[in-house]
Amino acid sequence: MAKAVQKITLSASSDIPFNKLALSQSNVRRLKAGVSIEDLAEDIARRGLLQSLNVRPVLDAEGAETGQFEIPAGGRRYRALERLVKEKRLSKTALIPCIVRTPDVEVSAEEDSLAENVQRVALHPLDQFRAFKALRDQGASEEEIAARFFVPPTVVKQRLRLAAVSEKLLDVYAEDGMLLEQLMAFTVTTDHARQEQVWEALQQSYNKEPYLIRRQLTESAVRASDRRARFVGLESYEAAGGVVQRDLFEEDNGGWLEDVALLDRLATGKLASDAQKIAEEGWKWIEVAIDFRYGHASHLRQLDGVTLELTLEEQTTFDTLTAEQARLEAEYGNAAELPDEIDARLGEIETALAAFENRPVRYEPAEIACAGVLVSIDADGHLAIDRGYVRPEDEPSIQASGEDLAEGETRRAGGATSATTDVQCAVITIGGGESDDDDDSDDAIKPLPGRLVGELTAHRTLALRDAVANNPQVALTVLLHKLCLDTFQHGAPGACLEASVRHVFFPVQAADLKDSPSAMAVAERHETRKAELPRDDDALWDWLAALDDTRRAALLAHCVSFGVNALYEKGDRYGGPGVSAHGVQQRIVRADRLARAVGLDMVEAGWRPTVDNYLGRVTKPRILEAVREARGAQAAQLIDHLKKAEMAKEAERLLHGTGWLPEPLRLVDSGDVSDTPTGTVEALPAFLADGEGREAATDDVDPHPIAAE
């Protein structure tokens, strides 16, 4: 006959008056943790006691029950009930639900207390997110949920945002296939399809960092700090139906604006409206763009005009503000910290005084009739108006007859002519006259953007410096070469070495330049050399004189390397103070020769193509060309159907470890080019030919192009 299984007997439950209960010394919890006693008391007051107390009867010396009970498990709940009793919100004889352990139970009170605290499992974060969402669906506000669970409203908003992520991704997180930090990154957008698309794409990448997720989810959006967003205003953008993405888990500086096309339309419309008002002044033309490139007006002549003096009222206001500013600064000059109201007032005064610095300029009517205005948005998102520019084709004819000049004088004197009495209709160009054609509209290999070439050659210059510093023989040759040019050819233009030695800096550089292996090698060597040198001038001379030839050559090479200049920059075609276009060509050719002399290899120098430093900055045909050169035509065909952003990412993966370099970073194998002051320099390479200063990729043509109307 089978042996009967012994049945388990559970401890009985009983309602015991509060004044019959007391804390047990067997409770293992000694330190405060979790929700405070005050918050727990408020929670019990709202919803009642959700979990009974675990108690044991108190026995007298003879082992008989005294009617009192001690609590080995449930001490915090008891403390919360005790607080309610002291506040007269709970009767001291109120019946408290308890689980009563019998005196003869084998398990000790300490074990019960430990088991209750150790064996309970904390709620999975996803369960909490979904529970908060369920409460919200039931009609509770974020503030009400926060009050019920004693957390800030921000925490509730974060939990609700996490619960709103795609269910597919939430399931991945529930199965520990995703970190909480990664899930948090997905909350920057509510587009579930885009969330899932990015997650699937990340499965093919070794890099799944949260920052990369945020960047990919917002790559088609515009930051709220963008000049367009500041100019239009978030309220106007949202009023027009635009959506703003916000990151509740990291500082997002106002978030991202999703609808870039809408933002551009609003910015264009506002600029066009302002341009129409300016047109009433009588200008011949007005050019409008969100942002003009550096040097956009370099080919235009700017009218002098006459700056208008302050009116009596304006002068009085200016003097009053200046006096108040001086008084406040004198009064609080020694204060460790300015009071908030004083700090705010000084800020207001500075803003008001700054407005007086930009005085209106008056131009002659005849000048206005042949000149124009540049209208754009400045870096702070304010309207920027630059008046008084004359195009070359609008310049007055040099062969103007005396009769024409006399007529002009009559007009300026107030003669009744149509040139001064009628306001001409200005020709308004939206988009700054720049083409907005898609750079990927055809398969042509266009020249690289000038800014990108500048960044690439900055990398090359730094690597070349490191190589020259490690080759004293070449350093001595290039130094002697430069000195001979200066001595016998009176400083031939376009040198690739400043022999002063003047440290050449990089006005255009990529974000990763300072962390490149070349930069770190140069910095480390420089600090080592600097620590060796005596600071006193005489001591330095004696120290140098005592060096052996090897150490002297190494120090010379290091110093000479700081003058290496292999930078590409837009040459001045009009004989200005900067380097000429011919000089830039000479510099590039001589830098190639120097690179050959030291055997420069940019792959060994640590450069590799990425989306940020190259692939995302060029046209699709150039991306495919790079993959084709490095991996073959078949590899290029695998990605030729992708959109540019996805193509660039996949190309980065395909090019990794291949040693492929763009043209500006390659070691040129051609022979030396003779250096003569008037000699002809070989043509620029294909990546710079056909328009040295022209930008080829849309991200460099105009940061925010506007379609012409």
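Lysine 88 is placed in the loop between helix 2 and strand 5 (95–100), where helices (H or I, at least four residues) and strands (E, at least two) are DSSP runs numbered from the N terminus. Its phi is near 65 degrees, a positive value in a residue other than glycine. Most residues other than glycine have a negative phi. Lysine 88 counts as exposed because its relative accessibility is 75%; buried denotes under 20% relative accessible area, exposed over 50%, and partly exposed the range in between, with a 1.4 Å probe and protein chains only. The model is a predicted one, in which local features need pLDDT of at least 70 and side-chain atom pairs count only at pLDDT 80 or more, whereas totals for chains, interfaces and linings use all residues. Residues are numbered from 1 along each chain as its sequence is written, and side-chain values use heavy atoms, with hydrogens and water left out.

Helix 2 (residues 75–86) contains arginine 83, which is partly exposed at 33% relative accessibility.

Six aromatic pairs are present in the structure, a pair being two rings of Phe, Tyr or Trp (its six-membered ring) with centres within 6.5 Å, classed as stacked for planes under 30 degrees apart, edge-to-face for over 60, and tilted for the rest. One of them joins phenylalanine 132 and phenylalanine 149, whose ring centres are 5.7 Å apart and whose planes meet at 40 degrees, so the pair is tilted. Phenylalanine 132 is buried at 6% relative accessibility, while phenylalanine 149 is partly exposed at 35%. In the pair of phenylalanine 186 and tryptophan 199, the centres are 6.1 Å apart and the planes at 70 degrees, so the arrangement is edge-to-face. Phenylalanine 186 belongs to the loop between helix 8 (180–185) and helix 9 (192–202), and tryptophan 199 to helix 9; both residues are buried.

Aspartate 340 is located in helix 15 and, at 66% relative accessibility, is exposed.
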